[in-house]
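Reader: Hi, I'm new to this one and would like to be walked through it. Could you show it to me before we start?

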Amino acid sequence: MIFCQNEQTRLSYNGSRSYYLVERSDMRRYDNGKYTGLVNREVRSFIARIENPANSNPLDSYYDGSFFVSQDTVHAEKTVGLSIHKSVPSLFKIDKDGKLFMIEDHGFPSFRSFPAFSSEKIRPGEKWRSRAERAVDPLEKGVFTKIPMEVEYTYLRDEVFKGENVYVLSAQWATRYGISYFDFAGDTDLKSATGSHKATMYISRDTGNAIVVRDTVDETFIYNDGKQVSFKGTISLFTEYPPAIDRSRIIPALQRASLLPNDDTKSLIAKANVPSKTDEAGGNKNTDESTDNTDNNNNETTSNTSNNIAKNNTTNNNGSKKQKNQDDDTRNTSSRQKNTPAPFEGKANSREEKEEKSVVVEDTPSGIRFSLRNLQFKADSDELLPGQTEVLDNIASVLKEAPQSQFLVVGHTASTGNPKGEQALSEKRAYSIALELTKRGIPSEKFICKGNGGRNPIADNATEQGKRKNRRVEITILEG
C-alpha cells in the first residue's frame, strides 16, 4: 500500500482490544565501571480493556493489567514455583493522545505515556515533544522510582509492517534524575541517574497502539553509598494478541462437562458452527413445542449477544410441561449416553438458583470465564476441603480444548475490613486452584494468577449469603 508522504495526519490513540504487552531487556551490566555480565529480563502482561467508569471521558480507554517478570536473577523472579506466574496488578487509562494515567500503580507498565502523539496534524519529517515517565528498579529491590522523560518524536514515514499499516516514528530523550526532580516515593538510596535513549517504533494506524518499540540504552545509576551501576543495550516492547478461542471445541467440552444446560445451548452451537450432538441422537425433536422453545432461546441470544453465556442459556420457564418431563426422565436415566451431552444438574429457573450454581460460565471481552462460586476452602486458608474434585476435573477437561491459550486465574474474597489480609488470601487461593489444575494435566506455564481481595464484589457483603458468593475464583481462557 502506498501512502501520500506529504499529507497531514492526526496521530491518535483509539483504544485497543485486550492484548499482551511484552518488555524485553538485553543489557550489559557494569558495576563501578567493571563489566559484570548480561542481564536478560522479560516482563509479560495481559492487558484487558475494561468498561469506562461513569462520567469518564468516552475518548479515554481504561485497562486492567496483569504483569509478571521472568529473568535470570533469582531474587527478582516473580514466578511462583512450577512456572505458574504470580502477576502484579495494574490499573490505568490512556487518552486519545496516548498519555497514560496510573490508577493502581505497582511499578508496571515501566513506560508511561510513551509513545505520545502531537495534538496537531503532522507530516513525515515533522517533530514534536511530549512528557512521559519510566518506572525503574535497577538493583531489583522491589522499590520502583519514577523518572521523567522529555521525549522528542519525529514522524519518519508510513509503512506496512507484518501486514499492518503503521506509522514509523523515532524518539530520543536523556535520562536526568536527582538534579531538578526527585521521587520521594521511590528508592531513597538512588541519588542520581544519567544517560541517553534512542528508539524506533511502529504504531498501528488503526488503534494507535505501539506494535514494536526498540530502544537503544546507555544509562548509569548512582547511589548514596557511591556505587554506580550502568546498563548498555536494548529494551524492546512488543504488542501481541491472544489467539481466538475455538468455540467449536470449547462448547462441546462444556456440554460434556455438564457446565452448560444441554437443551439451551443450540444457539451457541449454531453460532460456533458446531453440530448438535443432541440433534444427532434425535433428542428434543419429539414435539413442535420443543422446537418453538429452542427458537425463542435463539432469538433471545441473537438480540443480546453481549450477555454472558450462562444468562443466555437459562431454562425457558414457558416451555411445555411435556418437554420438562422429558428432561427429567433424561436426567434420571441410569446410563448417560456418550453421544448425548449430560444435562446440567439442577437447571436454574430463577436468578437466585442460577447464582447458586457451582460454576457460572460467561463470555467476556477477555475470553470465556468460569466463575467458581461454591469452592470450599478451610477458613482463612487456601487449602481446599474434600469434595472439590469433580468441579476441577470438569474445568480441566475444558481448558485442554484451548491448548494455544493462556489462562488468567483471579481470586476474590469477601470484604471484612482487612484489605491486606484479603489481598494475600485471594492470591493464595488463585495459585492453589492453578496448582490443582496442573495436577490434572494443564501445563503450569499457561497460568497467570492474581488476587483482587474483596475489591470486586458480586453480592452484598452485609449478609452471609452475599459474602459466600463473593468468595470465588475466576478462570478466563484469554483471547484478544
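Author: What follows is a conversation about the fold, a cavity and a few strands of this model.

Reader: Thanks. What helices and strands does the protein chain have?
Author: This is a predicted model, and in it the protein chain has ten helices and 18 strands.

Reader: And how many of the residues are buried, as a percentage?
Author: Of the 480 residues in the protein chain, 51% are buried. The accessible surface comes to about 23,200 Å², and carbon and sulfur atoms account for 47% of that surface.

Reader: What share of the contacts is between residues 24 or more positions apart?
Author: Counting contacts in the protein chain with a separation of 6 or more, 64% are between residues 24 or more positions apart.

Reader: Changing topic: how many cavities of 30 Å³ or more are there?
Author: A search of the whole structure finds five of them, and the largest cavity has a volume of about 340 Å³. It is lined by 25 residues, and those closest to its centre are Tyr 19, Leu 21, Phe 111, Phe 114 and Pro 115.

Reader: Which elements give two or more residues to that lining?
Author: They are the strands β1 (19-31), β2 (34-50), β5 (88-94), β7 (111-112), β12 (210-223) and β13 (228-240). By residue type, the lining of the largest cavity divides into 16 nonpolar, seven polar and two charged residues.

Reader: You listed β1 and β2 there; how do those two pair?
Author: They pair in the antiparallel sense over 13 bridges, and within that pairing Asp 26 stands opposite Asn 40 in β2. The two strands form a hairpin with two residues between them, where Asn 32 takes a positive phi near 55°.

Reader: I noticed Arg 29; is it buried or exposed?
Author: Arg 29 has its place in strand β1. A residue counts as buried under 20% relative accessible area, and Arg 29 is therefore buried, as its value is 16%.

Reader: What does Arg 29 touch?
Author: Leaving aside residues up to four places away in sequence, the residues that Arg 29 touches include Lys 34, Tyr 35 and Thr 36, as well as Pro 138, Leu 139, Lys 227 and Phe 231.

Reader: Now the open sheet: what is the order of its six strands?
Author: The order is β4-β17-β16-β18-β15-β14, and the pairing is mixed. At the edges stand β4 (85-86) and β14 (359-364), each with a single partner strand, so one side of each is left without a neighbour in the sheet.

Reader: Which strand does β14 pair with?
Author: It pairs with β15 (residues 367-372) in the antiparallel sense over six bridges, and Val 361 stands opposite Phe 370 in β15.

Reader: How many residues of β18 are buried?
Author: Seven of the seven residues in β18 (residues 472-478) are buried. Both faces are covered, with Arg 472, Glu 474, Thr 476 and Leu 478 on one side and Val 473, Ile 475 and Ile 477 on the other.

Reader: Last one, about helix α1: which residues are buried there?
Author: In α1 (residues 247-256), the buried residues are Ile 250, Ile 251, Pro 252, Ala 253, Leu 254 and Gln 255. The helix is followed by Ser 258, whose phi is positive, near 60°.

Methods. Residues numbered from 1 in each chain as written. Predicted model: local features only at pLDDT ≥ 70, side-chain atom pairs only at ≥ 80, totals over all residues. Heavy atoms only, no water. Helix = DSSP H or I, 4+ residues; strand = E, 2+ residues; numbered from the N terminus. Buried < 20%, exposed > 50% of the residue type's maximum accessible area, 1.4 Å probe, protein only. Contact = heavy atoms within 4.5 Å. Areas by Shrake-Rupley, 256 points an atom, 1.4 Å probe, with all protein chains shown as cover. 1 Å grid on protein atoms, 1.4 Å probe; cavity = no way out; pocket = protein on both sides within 12 Å on 5 of 7 lines; lining within 4 Å. Points joined across faces, edges and corners; volume = space filled by probe spheres on them. Nonpolar A, V, L, I, M, F, W, Y, C, P; charged D, E, K, R; others polar. Pairing = 2+ DSSP bridges.
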